[in-house]
Amino acid sequence: MSDQDHENGLPEDPTWPELKLPDLLFTNAVREVHATIENEWDPLQRSACQTAAGRALWKHLIHDPLADLLAGETYLTSLYEKIKKDRINNAREVSGVILAVRTLWFDSKIEALLNSFTMKEAQVVFLGAGMDARAYRLNCLKDSNVFEVDFPKVLQVKASLLQAAMESKDEHQHLKETAKSLTRVAADIRENDWLEKLQISGFMPEKNTIWVLEGILYYLPHSHATQVLKIIAEKCALTHTVLLADFMNKPSTTLSESIFHFYSDWPDHLLPSLGFPHVKLSQIGDPDAHFGLMHDPQNLFNKLRSLPRSVQQHPDDGTPCCRLYLVQASGSPNQTIP
Ligand SMILES: C[S@@+](CC[C@H](N)C(=O)[O-])C[C@H]1O[C@@H](n2cnc3c(N)ncnc32)[C@H](O)[C@@H]1O
């Protein structure tokens with residue numbers, strides 16, 4: 001074997017090895033489950049597999065041994081082909097880089113919070129958890145009760161895939177929960193009973209809580225996204241409450257107007273108006289959202305950061321300034337909105 005990938009003339013690169021799908025994906029049980037995803041899930045639900053594929057293929061940075069299984073062949077192959085094309089074209093941004101930065105940002109914030117004195121044993125709620133496997137991969141969750149909320153069919157399929165892994169000797173070692181407990185709560189967060197369902201499942205309203213809303217808000221209609229944020233903000237009056245969430249700005253929603261709905265150009269203004277006294281906003285490429293992936297000053301994200309946030313079109317070429325904001329907001333009973 002030479003050091004060239006002859007098909008594409010790409011040099012071999014340990015960062016991007018050839019795609020090798022795990023044997024487990026080809027067992028009958030797992031094939032059947034992934035066929036259900038293809039045949040029965042809508043694009044909203046399938047987005048859970050796309051993000052898992054991103055974590056699986058950026059494995060040189062993200063340790064998520066269950067991501068291949070949870071993503072499935074279709075989404076792994078499709079993202080792999082995009083990455084290959086980007087490499088052939090020497091693209092400044094390789095497909096999935098936003099997802100990699102986003103995952104690492106949420107990981108680092110969850111870890112920092114759980115290592116802090118106040119949030120040491122906080123419960124952690126993942127709204128729109130999809131194929132997230134943090135309850136199996138983050139050791140910092142060892143003292144936390146974790147809740148994953150998503151549609152019933154998403155949670156059922158996830159449980160079936162994990163069950164298949166449990167029954168296979170190869171994957172068994174990855175299936176130990178690192179969280180103190182993990183509870184799956186089937187609910188639609190557009191309905192008004194999701195909080196009640198969470199409480200019936202063991203969520204304690206008065207206990208310090210980290211709410212993780214990763215890749216979920218922009219799929220919701222405006223009124224529902226605002227309502228969910230308000231419900232979480234109300235918890236600031238009861239206990240120490242932290243929200244970690246990503247927000248699209250308006251131009252980003254034009255990437256797929258049929259799928260993306262909610263946006264905020266100024267989440268740092270919106271969240272205080274909903275009841276969070278403290279808000280810290282980061283953009284991809286900022287010091288806490290960099291992870292060694294943003295060295296090139298001509299990178300799309302660095303170019304965006306050099307423009308005022310109010311600018312909605314690139315001055316050079318008129319293309320929309322699509323931004324993803326990573327936001328940490330918090331509040332406690334003894335704090336008031338300044
Ligand atoms: C892009 S995925 C993100 C999954 C996960 N947070 C991650 O980052 O990998 C969006 C997830 O939100 C879930 N979702 C979307 N709308 C929802 C709703 N109204 N209620 C519950 N879950 C929802 C979808 O089923 C999907 O699993």
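Modeller: Let us begin with helix 5, whose buried residues pack against helix 2 (43-57), strand 3 (123-127), strand 6 (209-213), strand 7 (241-248) and strand 9 (324-331). Please bear in mind that this is a predicted model.

Biologist: Which residues of helix 5 are buried?

Modeller: A residue is called buried if 20 or more other C-beta atoms lie within 10 Å of its own. In helix 5 these are Val97, Leu99, Ala100, Val101, Thr103, Trp105, Phe106, Lys109, Ile110, Leu113 and Leu114.

Biologist: What span should helix 5 have at 1.5 Å a residue?

Modeller: The expected span is 1.5 Å times one less than the number of residues. Helix 5 covers residues 97-114, 18 residues, so it should span 26 Å; its end C-alpha atoms lie 26 Å apart, in agreement.

Biologist: Which domains does the chain have?

Modeller: The domain assignment gives domain 1 (21-88) and domain 2 (97-305 + 313-331). The contact between them takes 28 residues from domain 1 and 26 residues from domain 2. On the domain 1 side, helix 2 gives the most, with nine residues. By class, that side of domain 1 has 19 nonpolar, six polar and three charged residues.

Biologist: What is the average pLDDT of the chain?

Modeller: The chain averages a pLDDT of 93, and 95% of the residues score at least 70. Over residues 1-6, however, the pLDDT is below 50, and this stretch has six contacts in the model beyond near neighbours in sequence. Where pLDDT is low, the predicted coordinates should not be read in detail.

Note on methods. Residues numbered from 1 in each chain as written. Predicted model: local features only at pLDDT ≥ 70, side-chain atom pairs only at ≥ 80, totals over all residues. pLDDT = per-residue confidence, 0-100. Contact = placed C-beta atoms within 7 Å. Helix = DSSP H or I, 4+ residues; strand = E, 2+ residues; numbered from the N terminus. Buried ≥ 20, exposed ≤ 12 C-beta atoms within 10 Å, placed from the backbone. Domains from an automatic or database assignment. Nonpolar A, V, L, I, M, F, W, Y, C, P; charged D, E, K, R; others polar.
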